[in-house]
Amino acid sequence: LLLKCPKMGQCALVALATAAHALDNGVGLVPPLGYNTWNDLSCAGMSEEAVLSAAEALRSTGLQQRGYVYVNLDDCWQDPAGRDESGRLRADPKKFPSGMQNLSSFLHQRGFKFGLYTDRGRKTCAGREGSEGFEALDAQTFADWGVDYVKEDNCHSSSGPNDKTQLFKQFALFRDALNKTGRPMIFSVCGGGDQLPFSNLSYYATDERGGKSLANLWRISSDVTGSWTLRFSQEVDAGLGQFAGPGGFNDPDMLLGSSLGAARRLEPHQSRTQFSLWAMLMAPMLLGADVRRLTAFDLETYSNEKVLQVSQDPLATQGSLLSSEGATFVWGRELVNGAWAVLFLNQGWLWTRKVICSQSCWSKMSFRRNSTLHVEDLWSLTIPDEILAGEELSLEVEAGRSRMLRLSPRTEIVI
């Protein structure tokens, strides 16, 4: 499948006012929504035709209209034969015969944004060309191709994946190179490469060389590959909310769907719980699912506008753990206009449990005690009920599932 696209137009770009050794690119003010190829296609299924069909699925299902606009190519888009004669990266000519610039133009014409992957090492995690020693050239190549989102991974480093001096230096080189191009691009740092399945990477948020000074997104744990790694990622992210905000977000990895065709997947109820939890954590919402064959359940999950409103809330405050007891958890996230989203989560395996927000839980929210609140269930979408702030709120939640509420102060209307 070959694309016939006009040559990309030349645009005048105003240089960004960027402080030395800091990221200030004006993008990523709320978490990005979109699709990433890795958990869906991996390397074996990666191709121009598959990417275009995924983009068409986002459009035809209505997901694009709900904000899923990033189409991000992960590892294995690069030519396995290496760089061209001038040292530039190039696309695999068999899998992407039209090239990256034409693919970018095609997606832009249809209202999408375009993302690409690279690595701070000499090689990517799958053994393709990395960016070590080519940071300035690769950043300019991405800008020339009209890239909107860059993910840089952490494999094949000469000093290993956790040499903080070296990793922060190399990631900063690419940050600065992207800024110098004058093209605003989301910069996503993925420290998950070459890591064990349960690696705590919270130092990407807490170190003064990391966080919002380094990137728009930074991975705080290794890959989410199933239910256990999903739980581990949320536990790591629980204490990192103070480091996130407009323009910079903790990244607990991509969303996993339940469609059978994807390289990685969760059970349907687990994928819905992850989606709700990621909205609470203000995490990027990148679909790692076979969007061409989404089940009706998954489509309903990812189309829930009420939960997406929580994800994209302009206050941009990450949620936090309000209370926990055994396998049950209550998460809260402050929203605009004095509202809160509250997630009741049962991570047990066998039976339904009561998940309770008691007085200590309420004390971490900003409501005035005994004030009247509207209560809206964001999944059953029932007519809002009312509750007094501070009253024990107990919900029965099935094993492995969650319930999500929006609590809003009652507004008095005076005529």
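Me: In β12, which residue is the bridge partner of R333?
Reply: This is a predicted model. In it, β11 pairs with strand β12 (residues 340-346) in the antiparallel sense, over 7 bridges. Within that pairing, the bridge partner of R333 in β12 is A341.

Me: Which residue in the turn between β11 and β12 has a positive phi?
Reply: The two strands form a hairpin with 5 residues between them. In this turn, a positive phi of about 60° belongs to N337.

Me: Which residue takes a positive phi in the hairpin of β10 and β11?
Reply: Strand β10 (residues 320-325) is antiparallel to β11, and 5 bridges join the two. One of the pairs sets S320 against G332 in β11. This hairpin has 2 residues between its strands, and the positive phi, near 60°, is that of G326.

Me: How many residues of strand β11 are buried?
Reply: Strand β11 covers residues 328-334 and is mostly covered. Of its 7 residues, the number buried is 6.

Me: Which strands stand at the edges of the open sheet of 6 strands?
Reply: The order in this antiparallel sheet is β10-β11-β12-β17-β14-β15. An edge strand has a single partner, so one of its sides is left without a neighbour in the sheet. The strands in that position are β10 and β15 (385-388).

Me: What angle does the direction of helix α8 make with that of β12?
Reply: Neighbouring strands of the 6-stranded sheet are turned against each other by 25° on average, direction ignored. Helix α8 (residues 268-280) packs on this sheet and touches β11, β12 and β17. Its direction makes with that of β12 an angle of about 140°.

Me: Is L345 buried or exposed?
Reply: L345 lies in strand β12. Its contacts beyond four places in sequence include Q234, T273, W331, V355 and R401. A residue counts as buried under 20% relative accessible area; the value for L345 is 0%, and therefore L345 is buried.

Me: What distance separates the C-alpha atoms of L345 and V355?
Reply: V355 is among the residues in contact with L345. The two are 10 residues apart along the chain, and their C-alpha atoms are separated by 7.0 Å.

Me: Which strands are the edge strands of the open sheet of 9 strands?
Reply: The pairing in this sheet is parallel, with the order β7-β6-β5-β4-β3-β2-β1-β9-β8. Each edge strand pairs on one side only, and the two are β7 (249-251) and β8 (255-256).

Me: In β5, what is the bridge partner of E152?
Reply: Strand β4 (residues 149-153) runs parallel to strand β5 (residues 186-189), and 4 bridges join them. The partner of E152 in β5 is V189.

Me: At what angle to β3 does helix α3 run?
Reply: The buried residues of α3 are M100, L103, S104, S105 and L107, and their cover includes α2 (48-60), β2 and β3. Helix α3 (residues 100-109) lies across β2 (70-72) and β3 (113-119), and its angle to β3 is about 145°.

Me: Does W228 count as buried or exposed?
Reply: W228 lies in helix α7 (residues 227-237). With F198, W349, L350 and W351, W228 forms a nonpolar surface patch of about 690 Å² of accessible area together. The cut-off for exposure is over 50%; because W228 has 52% relative accessibility, W228 counts as exposed.

Key. Residues are numbered from 1 along each chain as its sequence is written. This is a predicted model: local features need pLDDT of at least 70, side-chain atom pairs count only at pLDDT 80 or more; totals for chains, interfaces and linings use all residues. Side-chain values use heavy atoms; hydrogens and water are left out. Two strands pair if DSSP finds at least two bridges between them. Contact means heavy atoms within 4.5 Å. Axes are lines fitted to C-alpha atoms, for helices over the stretch in contact, and angles run from 0 to 180 degrees between N-to-C directions. Buried means under 20% relative accessible area, exposed over 50%, partly exposed in between (1.4 Å probe, protein chains only). Patches are made of residues with over 30% relative accessible area and no salt bridge: like charges are joined within 9 Å, nonpolar side chains (Val, Leu, Ile, Met, Phe, Trp, Tyr) within 5 Å. Accessible areas come from the Shrake-Rupley method with a 1.4 Å probe; for residues, only the protein chains shown count as cover. A salt bridge is a side-chain nitrogen of Lys or Arg within 4 Å of a carboxyl oxygen of Asp or Glu.
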